[in-house]
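Here is a walk through a predicted model. Keep the structure open and follow along chain by chain.

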Amino acid sequence: MKIQSYRLLQFLNKALVYLVLTFFALVMVFPFLYMLTTSFKLPADTFRYPPRLMPRDPASVTVAGFEEPLPLYHVEVDGQQKEYALAKSNIKVGVYAPANDTAATVDRFVDEVTPTDKTVSVAGKDEKLYDVTVDGQVVSMIQISQTTVGEFIDPKNPENKAYQNVRKSEPVESISAHPENYTRVAELNNMNRALTNTALVTILVVLGQLATSVIGGYAFARLRFPGRDTVFVFYLGTIMIPFVMLIVPLYQLMVLIGWTDHLAALIVPWIFTAYGTFLMRQHFITFPKEIEEAALLDGATRMQILTNILIPASVPALATQATFTFLYAWNSFIWPLVIINVGNEKNHVLTLALNVLRGRASDTPNLILAGAAIAIIPPLIVFILGQRFFVESVASSGVKG
Amino acid sequence: MTIHSQIDSRTNLILKVSIVWRGVFALLSAAGAIFLWFGALLPEAPLWQKVLITAVLAIASVFSAIGAVQISRRNHSGRMISLALDYLAFVTCIVIALNTGEVFIGIDALAETFTSGLPYLGIVALGYFLSVMDEYFPQKQLGAETSLKVTSRWVMLGGFVLFLLQVGAIKGILYFLGKLAQPLGLASVAGIAIFGFFLWAIGRSESAQALHVKTNHEQILSGWLFLSPNLLGFLIFFAGPLVLSFYFSFTDSDAINTPNWVGFANYAKILNVRFAMLSSPTQLAKEVVDIKIYDEVGRFIFGNSGILFAAADKFFWLALRNTLTFGLFAVPLSVIPALILSNVLNSKLPGMKFYRAIYFMPSIAAVVGISLVWQWLYNATIGYINYFITLGIEFWNNLFNLAVVDPKIQWVSDEKTALFAVIIIAAWQTMGFNTVLFLAGLQNIPGELYEAATVDGAGPWDKFWSITLPMLAPTTFYVVSTTTIQAMQVFEHVFILMNPPEGPNNSTITLVLYLYRSGFQNFKQGYASAIAWVLFIVIFGLTLVQFQQQRKSSIYES
Amino acid sequence: MKKNLLFKAISLIVIASFALAACGAPAVVATEAPIADVPAATEAPAVEAPAATEAPAMEDVSIRWRTRPDNQEEIDVYGKISTELDAELNGVTLTYEPGGTEGANYQDQLRSEVAAGTAPDVFWIPGTDVADFATRGLILNAADLAAATDTFSVDDFYAGPMFHMTYNPETGASGADSGALWGIPRDVSTFALYLNMDLINEAGAPDPRELAKEGKWDWAAFLDVAQKTRALGTDIYGYGGSAWWGPNGVWVNAAGGNFFNADRSACALNTPEALEGLTFQKSLYADYDVAVPYGEDPEPVFRAGNVAMFQNGRWATPGIRTVDFTWDVVELPNGPSGTAGNWLFWGAYVINANTEHPAEAWALVQALTTAKTQGEIAALGANIPSRVSQEALDAFLTFTPPMNNQAFLNGIAADANPTAEGPLWAGSWPEFDKVTGPAIQGVLTGATTVEDFGATICDEADKVFVK
């Protein structure tokens, strides 16, 4: 009996864990999901309320006697749900009643009643009188209110008609997808060029940064020379300094050497980082010294030791740093914003192109989110591929740092 | 043991030439420094550039002279100085040559052709694949193994050559050479040759022997050599600008005209604030402070009176207020749930890695893209968030027969919620990252501690408080301080999410946003630099406080 | 071992040449530089061919120019115009680059580009920023160039914008012989109400176009339509206005107030008239609750068919042409002052102060503002020609939909007395806006009362008038 309840408790406990985890997972995933599905929608579909996740297309049907295909709606005819086509909208309908008995209302199409010149005073207000036919007799009535309806017809039998409010009618729709949004946004905003630029910048930054930080980190970790520790402390001290501190002087430096508006300004300054060097040093310092000393005795140079022994053994650490740098370079925004001209779309990176796109396509969220997807998906793929390195490395950076 | 071999005549000659060269180098640098400072070599350049170049030249000159003396005294330090100076000059010449040849600027052009070469990079990948295959067929035949390796190498190289041809390398090289054929380019090429020659000359092992160089000297040299690419770049693109930023913060630099020294004026304007007593909560600011100088930032009301806070630069104080508020909420909101989630994830149930990966996703996506997505989620009339709230309220109202009114929150256009909208995105984005950090910390806690506690009869809650939290303290410190540093720099979220970025009634103007606005919209770059330093002090102060806190708590625990 | 060495040597050379590969394409760029739009290329091949043979590419002066387009259609039209003018203007090679958008800090980025020396030769800036660019010395005073040009006359353009374009900040004079000319207006625009006739009919509300014709279109009638349509449902709004100074200013102006005093040297937002306008605007949001919440972009809501009257400029027309409900435009309702309080929006082509080719740049500015060019752009529907001529106006009326184009012309007609958007020569419009915009938003969202706003706003806003 006790075991039983213990098992139940265990089970409930597990269920709770999964419930909590799944809830948070949904919160984390939903914006991405929304981004993807919206990027496949038609513009009108994105403005719908209540919002719907999946992209849908309105259905239409060709009806004899009409040149254009007519949109289909769910219409209630004689208590039955039917799919009718909207043939005509904006038909004015009035609610009319005799001046002396405003509760006895009748509904009529506005063009079926005849306005007269006469007026009548109702509750101290002059109201226009209309000639309304009720049961074959013409009655003078006032207009209580007016609205519009649409004329819906049975696509198979256009003689069957129904009238109801168009705005509140539910259109017939089917789930669809519009991948052409992606091609459109690529052409629209030079997004494909921005993608190329971003890729190039990212690749060069990653390779350059790895190169300088590997040899720099090796010098810090393994070579003894006066001044090393001072420089290292200096490096460490700057890790905390936020980049925005440098944005003004670095901008002026770029103006001075003529790199504003060029991709070089997005690449070269990022190749030399204290943080990357620090990480590599931390990695190399854990490496057993004996192997290296043996190699030195065999007459290997430092460079040979680095390229033939240390680097092959450090692939996980390198991959870690590469993924970090990749994300940083890929996602950076404020520096490109400052240094790359708004008009020079040839040199825009994805984040800048998105910034322009959000103004230029502000009325088509499907395109904006397609653009956002182009910027977000490549890092996600890199993440999925390098997940193991990545998550582990985040962990190690935290524990050691 | 020093080898007493006779110095051969060739080495002797080289050393003599080197001494002369050092002298010439010293004289040329000195002349350059003097011309620059007193003459009209760079009349347009701002003061800091003049100071910098003169200083570099003067130091080079002095060291070169010392180097000449040391070489003549056959002291190894002469070789070191000589190598260092020539190396620096050599690198400088290469950079000048590349820049004259427009290599750096030319990266733009590479971006144009680069995609067309991508298929050839596929060949490189194929080569790499071959070399990997090699490892899977080890030592079947010794010959075959090496030949596969060699083949794969050549395939990779060939693919790369094809790639280069495709992206227009030949045209590029011709263009480069054409551009180089101008005075500066030719001079730098000549410089490369001369400095290169002397690097070789003095670096020869014969010269080293003649100058009594020992192995530890070689290590010093290779140490600096290995460090130099990173260090030089770091000095030019990080440390230098940092110093420059400090200098700018004392000037009225506007990026167009030469900056003037203004002393502490920028800082004084930022810090120029007034507190005044209010006789009634609604008393106007102009009755208590000089409204020509000060603007009202806020008021603290106590009953029938209050204190008015006014500042000469109200935007800065609003920005500081918003940034601190942002940090105050965003940091706990991204740390506490992360702590809880990591403890849940730490259970040994299947599927935890999957959840961990899911939680991590937001932190790798571009903030710009993410903010655009959330902008539509936040839309007050058609957005999902308000839709979910409406659904929730309807559900509760139906369930309990309540009449809760749908608040229809205007997330980004109401000054009361705008900053929270930003906070939510930031917390959402960093939560997963922090979870993984905590998880790593948790996995480092030895399991015996928990086992011992279980034996002592401690419940899960006790274990959490008495083992998990104290053992996690270093991780917590790291997580909290990095999240805080990040939070203090919030910019991209507000820049994209809000239109205008300052938000309704300046409710989302942040320090970095104000820095950007001052420096790159109004071009008060001196003032922007001062803001940057104040921001740094804020960050530094916060980190220091957290560090103290952590130390204190860890002392208590032990 | 030897093989290894050979391999290393070749690798080194290859990698070195990778660095140099970077310079590959400048040559390519130079030959392909003018972005030829596909439609443009097909339409003007006959003109282009002889021009290309006449003037060898080497001697051509290269001129870059830029405008701020709001959508792809505009980019296409400007790209086409650039190709046409390239063929017309001798000795000039034109490159059109679309700038950012309103949301992407178009003017701010331009300033930093002029500072860095990478800005185009000719660019468009909004009227509000002309003073800032001029007094900072970022744009060229073209008065001398204009004096030497017989075909140019200041009077050909709307007087409101030209007052500012010819303002001489040193003498305070303005007009044809003030000694200053900062550029030529690209176009003008004005507000109208875009109507969702489906909603208005469904609500049985009176047709605003009819009311306007009868002279009954005032604030009360406007409120009536807004309330009737709002009653259709909780997600249906009677009115939508964007959150920037333009819509705010309309209510202030229509009540007889103004942002500034008569010579634009001080804030006038604390006058009773200005506050009355603001009070009415606030009531649309708070008391009557007929409007799309302030700060939320009403355009998507309107295009989703959920706003009856959407206040926006002519520039919104191309986008709204794609909606699938019945729509039209009507002029803004008249306020207590008897006018609608509309703005005359404008922006101008100006010349980069550091251009190497001022004469060619001036020729381009003129070519961009000829009646023909303006007609082509206006045909797109996004704006109204800045030249005052009956032909231009007649042509504008044919650019339908909307059928009621006359509403826009009524908005800029002299008797509607529109306030010309303009820079503050005695201060800075962007700075003024940075102070007053958030404060007005505070009033409209209920954070501040109108009284508190009136008591404090000008103390703060007057600080931008320091020059």
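In this predicted model, the C-alpha centres of domain 1 of chain C and domain 2 of chain C lie 29 Å apart. The domain assignment gives each of them in two segments: domain 1 takes residues 60–187 + 346–397, and domain 2 takes 191–343 + 423–464. Where they touch, domain 1 of chain C supplies 17 residues and domain 2 of chain C supplies 12 residues. On the domain 1 side, the largest share comes from helix 7 (residues 130–135) of chain C, with three residues. By class, that side has seven nonpolar, six polar and four charged residues.

Stay in chain C and find strand 4 (residues 184–189). Six of its six residues are buried, so strand 4 of chain C is largely enclosed by the rest of the structure. Strand 4 has two partners to look at. With strand 9 (residues 343–351) of chain C, strand 4 pairs in the antiparallel sense over five bridges. C:Pro185 stands opposite C:Ala348 in that pairing. With strand 10 (residues 384–385) of chain C, strand 4 is joined by two bridges, and the two strands again run antiparallel. Here C:Val188 has C:Ile384 as its bridge partner.

Next, pick out C:Trp327. This residue lies in strand 8 (residues 327–330) of chain C. Is C:Trp327 buried or exposed? It has 21 C-beta neighbours inside 10 Å; the cut-off for burial is 20 or more, so C:Trp327 counts as buried. C:Met197 is 130 residues away in sequence, yet the C-alpha atoms of C:Trp327 and C:Met197 are separated by 5.4 Å. Leaving aside neighbours within four places in sequence, C:Trp327 is in contact with C:Tyr194, C:Leu195, C:Asn196, C:Met197, C:Ile320 and C:Pro402.

Now turn to helix 14 (residues 272–285) of chain C. Among the buried residues are C:Leu275, C:Leu278, C:Phe280, C:Leu284 and C:Tyr285. The buried set also includes C:Glu276 and C:Lys282. What do the buried residues of helix 14 pack against? Their neighbours in chain C are helix 12 (219–230), strand 6 (237–241), helix 13 (245–254), helix 21 (429–444) and helix 22 (450–461).

In their contact, 46 residues of chain B meet 42 residues of chain C. Three elements of chain B give two or more residues to this side: helix 4 (107–136), helix 5 (142–166) and helix 6 (169–180). The chain B side that touches chain C has 24 nonpolar, 13 polar and nine charged residues.

Chain B also has a set of paired strands. Strand 3 (residues 305–311) of chain B is joined to strand 1 (residues 273–278) of chain B by six bridges, and the two run antiparallel. In this pairing, the bridge partner of B:Met277 is B:Ile307. Strand 3 is also joined to strand 2 (residues 295–302) of chain B by seven bridges, again with the strands antiparallel. There, B:Arg299 stands opposite B:Leu308. Strands 2 and 3 of chain B form a hairpin with two residues between them. In the turn, B:Gly303 has a positive phi of about 55°.

Chain B touches chain A as well. This contact takes 83 residues from chain B and 85 residues from chain A. Helix 9 (residues 215–248) of chain B gives the most to the chain B side, with 19 residues. That side divides into 61 nonpolar, 19 polar and three charged residues.

Finish with chain A. Its secondary structure comes to 15 helices and 11 strands. The radius of gyration of chain A is 35 Å, well over the 21 Å that the globule rule gives for 401 residues, so chain A is more spread out than a compact globule. Its C-alpha atoms fill a box of roughly 120 × 80 × 50 Å along the principal axes. Buried residues make up 42% of the 401 residues in chain A. Of the chain A contacts with a separation of 6 or more, 65% are between residues 24 or more positions apart.

Notes. Residues are numbered from 1 along each chain as its sequence is written. Chains are lettered from A and ligands numbered from 1 in the order in which they are written. This is a predicted model: local features need pLDDT of at least 70, side-chain atom pairs count only at pLDDT 80 or more; totals for chains, interfaces and linings use all residues. Two residues are in contact if their C-beta atoms, placed from the backbone, lie within 7 Å. Helices (H or I, at least four residues) and strands (E, at least two) are DSSP runs, numbered from the N terminus. Ala, Val, Leu, Ile, Met, Phe, Trp, Tyr, Cys and Pro count as nonpolar, Asp, Glu, Lys and Arg as charged, and the others, Gly among them, as polar. A residue is buried if 20 or more other C-beta atoms lie within 10 Å of its own, exposed if 12 or fewer, and partly exposed in between; C-beta atoms are placed from the backbone. The radius of gyration is taken over C-alpha atoms; the globule rule is 2.2 Å times the number of residues to the power 0.38. Domain bounds come from an automatic or database domain assignment. Two strands pair if DSSP finds at least two bridges between them.
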